Amino acid sequence: MAERVAEGVAHTIRGHHQFRGVRTTEHFFSVPLDHWASEGVEAPGTAETITVFVREFVSTEHSEEDAARLPWLLYLQGGPGGRGTRTTSLSGWMKAAARSFRILMLDQRGTGLSTPADRNTLPLRGDASAQADYLTHFRADSIVADAELIRKTLGSEPWTVLGQSFGGFCALTYLSFAPEGLSEVLITGGLAPLEGPAERVYRATFQRVAERNAEYFAWYPEDRKLVTRIARHLESTEERLPSGERLTTERFQMVGSFLGGNARVDALHTLLEDAFVPSQDGERLSDAFLEQVHGLVSRASNPLYAVLHESIYGQGQATDWAAWRVRAEFPEFQPDAAEPLLTGEMVYPWYFEQDPALVPLQEVAALLAGKQDWKPLYDVSRLNANTVPVAAAVYRDDIYVDYQLSMETAAAVRGLQAWTTGDFHHDGIGEDGEGIFNRLLGMARGTN
């Protein structure tokens, strides 16, 4: 174990490992909970801190001496509320990046090995109001401030950032408030709308999800009847997930998360094909089906995804369960529709009534949904004057990050090069990560 303090930040290295062509180093940093706490309010050294974990990946093709001279690449994963990717080998975009970078895989604050925030730990903060106040420090602005503090602690020059989905949102925040820390930015499926209410996002994405449902059911017409059959069955028959709670129609509709990808969409068909089995009590949903559905609809592993999801669009006004309100404009998504559609990644207040991992956080989520004074996440004027090379993959049929809204943002960031394609959906980086990474890096550097 090694520990050092740079600019007041404790940095601890707790492990080095080597396996399958990769060397990893486990870094822990002590960072302020509130990066913007008023100076002088607390005595020096007494401000509250949390831990942020980062795992470093280096290809064994580089000697340790050569690796130490490589520049850093920080990966900001999707979410919010998802921990950094756990991988046991270099493949896809990581294989490409490891040829010329040391990769840092960040557990964004509150996730993974970074001081966790969930139904077990949050009550330690106090009542629901105290918990909600604590979680206001877990948005993109704080994630970026963590990253910049880590960069300085490591003694790094301005570094490369790759942001996927919500990670792209964070990259735009980075460009807004700390561009001096960036040498180049690559974004995949993550050009956030810079202004406007959350409702604008969901009106666009509900339409995209409806179109994707139609596309899917054209490929698998038998699944149209099967989805309706499952929905009607759940209305009349009590089916329990492995964790014990009842599976409702609206929760079953969440399996539409499969629709957000090229690599995953066809797996929806294999999920549905063995939904029913005969039993002494008549037709029931199979244990295999219920087990798989549970893995898709539970937020036990990433509760912040639900708790903070709409806050990623909050700037100066309450989000107030925007997706839930907008859904009323799309009756085809209602559970009791004649042929109910599958939903996307929207979050609704009933999540906190039906998911055991979220029930204890119901009041906290309601307080965050009603918060009106969210700070800005982007500086549009600064983005208009941007000088950092930025390249972004924009997917025309993305059901999570709308194409038209993405292109508005692309036009607002000076010098941003957008590669628009219909070849991939939101999970493109998982299907051809190496090709997408190399293309974007070449665009940012003007080599292709």
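**Ala117.** I began with Ala117 in this predicted model, and found it buried, with a relative accessible area of 3% (buried means under 20%, with a 1.4 Å probe and protein chains only). Ala117 sits in the loop between strand 6 (102–107) and helix 3 (128–135); helices (H or I, at least four residues) and strands (E, at least two) are DSSP runs numbered from the N terminus. Setting aside neighbours within four places in sequence, I listed its contacts as Gly110, Leu122, Leu135, Pro303 and Leu304 (heavy atoms within 4.5 Å).

**Ground rules.** I count residues from 1 along each chain as its sequence is written, and side-chain values use heavy atoms, without hydrogens or water. Local features need pLDDT of at least 70 and side-chain atom pairs 80 or more, while totals for chains, interfaces and linings use all residues.

**Helix 19.** Gly446 follows helix 19, with a positive phi near 70°.

**Largest pocket.** Which residues lie nearest the centre of the largest pocket? I found Gln77, Gly78, Gly79, Gly82 and Asn302, out of 45 lining residues. Helix 2 gives the most to that lining, with three residues. Helix 11 (287–297), helix 12 (303–308) and helix 18 (428–431) are among the helices that each supply at least two.

Notes
Buried means under 20% relative accessible area, exposed over 50%, partly exposed in between (1.4 Å probe, protein chains only). On a 1 Å grid over the protein atoms alone, a cavity is a set of points where a 1.4 Å probe fits but cannot get out, and a pocket is an open set with protein on both sides within 12 Å along at least five of seven lines; lining residues have an atom within 4 Å of a point.
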